[in-house]
Amino acid sequence: MQEPDFGIYHHSSRKQSEILRDSVRDLFNKAFKQSGLSSSQNISVLDAGCGLGFLCDVVASYFRNAVITGVDLFKDGSLKEINMPGAEKNMEILGISERVRFIAADLSKPLHSLGNYDMIVSNLVLHNLGKGRRSALKNLLDIMNPDSFFFYGDLYIGNVSAGRSSENDLPSEVKIISEITLEFLPQYRLQILRKSSPSQSYNK
Ligand SMILES: C[S@@+](CC[C@H](N)C(=O)[O-])C[C@H]1O[C@@H](n2cnc3c(N)ncnc32)[C@H](O)[C@@H]1O
């Protein structure tokens, strides 16, 4: 039976990439459970920087009625040999093509043309944007429905590496609900973020 190929991360071997993905999958499943969201909900989900569709698979497996949009530059960079046909082929192998579509877009630009979403997920993407991380977060928040969740897994290096990240790093419409790290890679954090409803603003 053919297996999906979710690729090799920058500075990693295939084996290391697979070990990391196994742990990240467990962490996201734990976070989904912690959020209290029903796994049978009909939800629209955006995977920001989807690569070859790894997190699309994690979401589709947990939320069995979710429809997912994977967005990426689809240009060789932090994931070797990334391309949209490769991501589409993975979804076919997994039997989830009908629930997942892919769109080429740049997260550092406004994303309104992609529509609005009930949930956003992202893994190992926004640290690549350096100082552009905050504006990419803002672009993503702009297309989230009120009260929706953002499951945001990323590496924290440099001046945000120590301790829990400050809510001041985040746009004011979002609140950190909880934060979990990977035991073997403490720089990796998965934050559960929640967007406020229009009348609220968490950290002015
Ligand atoms: C390390 S890979 C992670 C891929 C996938 N999320 C996963 O967990 O396997 C980072 C991805 O972010 C994408 N990316 C980086 N900057 C981006 C941007 N400005 N807009 C859209 N995608 C971007 C890259 O193309 C790459 O596929």
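I began with the sheet: seven strands make an open one, ordered 3-2-1-4-5-7-6, with mixed pairing. This is a predicted model; local features need pLDDT of at least 70, side-chain atom pairs count only at pLDDT 80 or more, and totals for chains, interfaces and linings use all residues. Residues are numbered from 1 along each chain as its sequence is written.

I noted the terms. Strands (E, at least two residues) and helices (H or I, at least four) are DSSP runs numbered from the N terminus. Two strands pair if DSSP finds at least two bridges between them.

For angles, axes are lines fitted to C-alpha atoms, for helices over the stretch in contact, and values run from 0 to 180 degrees between N-to-C directions.

**Strands 4 and 5.** I checked how strand 4 (residues 117–123) meets strand 5 (residues 144–155). The two pair in the parallel sense, over six bridges. S122 stands opposite Y152 in strand 5.

**Helix 4.** I followed helix 4 (residues 133–142) next. Helix 4 lies across strand 1 (44–48), strand 4, strand 5, strand 6 and strand 7 (185–195). Its direction is at about 145 degrees to strand 5. Contact here means C-beta atoms, placed from the backbone, within 7 Å.

**V121.** I picked this residue in strand 4. V121 counts as buried, with 26 C-beta neighbours inside 10 Å. The cut-offs: buried is 20 or more other C-beta atoms within 10 Å of the residue's own, exposed is 12 or fewer, and partly exposed is in between, with C-beta atoms placed from the backbone. Leaving out residues up to four places away in sequence, V121 touches V45, D47, L55, V59 and F151. I also checked A48, 73 residues from V121 along the chain; their C-alpha atoms are separated by 6.3 Å.

**Two positive phi values.** Most residues other than glycine have a negative phi. I looked for exceptions and noted two residues.
- L124 has a positive phi near 60 degrees and is not glycine. L124 sits in the loop between strand 4 and helix 4. L124 is buried, with 21 other C-beta atoms within 10 Å.
- H11, also not a glycine, has a positive phi of about 65 degrees. H11 lies in the segment before helix 1 (14–35). H11 is exposed, with 8 other C-beta atoms within 10 Å.

**Ligand.** I asked which residues come nearest to the ligand. By class, the shell has twelve nonpolar, seven polar and two charged residues. Ala, Val, Leu, Ile, Met, Phe, Trp, Tyr, Cys and Pro count as nonpolar; Asp, Glu, Lys and Arg are charged; the others, Gly among them, are polar.

**Whole protein.** I read the pattern along the sequence as α-β-α-β-α-β-β-α-β-β-β. The radius of gyration is 16 Å, close to the 17 Å that the globule rule gives for 204 residues, so the protein is as compact as a globular protein of that length. The radius is taken over C-alpha atoms, and the rule is 2.2 Å times the number of residues to the power 0.38. Of the 204 residues, 35% count as buried.

Definitions and conventions: A residue is near a molecule or strand if its C-beta atom, placed from the backbone, lies within 6 Å of it. Two residues are in contact if their C-beta atoms, placed from the backbone, lie within 7 Å.
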